[in-house]
Amino acid sequence: MYLLARRFGVVAMSLAVAGCTTTPVEFNNKPSAVSKAALCKTALETRDPAFQFQLVAEVNRRGMSMLECEQMVAQQRQAAAVLVGLALVGTAAAVCANGNCGGGAYTPTRRYPGNCQYDWQYDAAGNRCGGRSAMSRPGGWQWGR
């Protein structure tokens with residue numbers, strides 16, 4: 001369940017980041033309908049020089065520079081990384097809330113409803129066991145057994 005949730009989160013973030021691009025067909029149909037983010041991301045990532053020329057011309061027509069585009073895409077990538085990190089932290093917190101986390105070695109002193117095993121323990125009434133413990137009795141504590 002945890003692994004499935006984690007994978008789903010990563011796939012969702014990847015699709016969200018990848019969805020910020022445009023195709024030549026979409027761009028040629030209506031260049032003004034393409035968002036600035038998609039325009040910049042596609043202009044920086046395309047391998048088609050003719051398409052890239054058209055994209056850069058549209059960026060300039062909108063009064064932006066390629067430096068501004070680079071900064072916008074970098075901010076989007078940082079935001080996506082933060083979202084992925086938050087999703088992973090949230091998933092880890094959910095898993096820990098279900099009791100699937102490792103813990104430290106410290107365990108609090110338990111109160112025993114009946115006889116005490118060790119002298120440092122407390123009985124059900126809250127009294128320290130001391131000499132009443134099984135360890136304090138003859139034969140109660142033996143090494144090597």
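Start by selecting Leu86, which is found in helix α5, residues 66-97; helices here are DSSP runs of H or I with at least four residues, numbered from the N terminus. The model is a predicted one, in which local features need pLDDT of at least 70 and side-chain atom pairs count only at pLDDT 80 or more, while totals for chains, interfaces and linings use all residues. Residues are numbered from 1 along each chain as its sequence is written, and side-chain values use heavy atoms, with hydrogens and water left out.

Leu86 counts as exposed at 55% relative accessibility, where exposed means over 50% relative accessible area, buried under 20%, and partly exposed in between, with a 1.4 Å probe and protein chains only.

Next, show helix α3 (residues 36-45) beside α5: their axes come within 9 Å and cross at roughly 105°, the axes being lines fitted to C-alpha atoms over the stretch in contact, with angles that run from 0 to 180 degrees between N-to-C directions. That makes α3 roughly perpendicular to α5, a description used for angles of 65 to 115 degrees. Among the residues that meet here are Cys40 and Leu44 in α3 and Cys69 and Val73 in α5, contact meaning heavy atoms within 4.5 Å.

Which residue forms a salt bridge with Glu45? Select Arg77, whose closest N and O atoms to Glu45 are 2.7 Å apart; a salt bridge is a side-chain nitrogen of Lys or Arg within 4 Å of a carboxyl oxygen of Asp or Glu. Because Arg77 lies in helix α5 and Glu45 in helix α3, the pair ties together parts that are 32 residues apart in sequence. Arg77 is partly exposed at 46% relative accessibility, and Glu45 is also partly exposed, at 34%.

Then move to helix α4 (residues 49-61), where Phe53 lies and is exposed, with a relative accessible area of 65%. Further along, select Glu58, which counts as buried at 7% relative accessibility and meets Arg61 in a salt bridge of 2.6 Å, N to O. Glu58 also forms a salt bridge with Arg62, with the closest N and O atoms 3.0 Å apart.

Notes: Helices (H or I, at least four residues) and strands (E, at least two) are DSSP runs, numbered from the N terminus. Angles under 35 degrees count as roughly parallel, over 145 as roughly antiparallel, 65 to 115 as roughly perpendicular and the rest as oblique.
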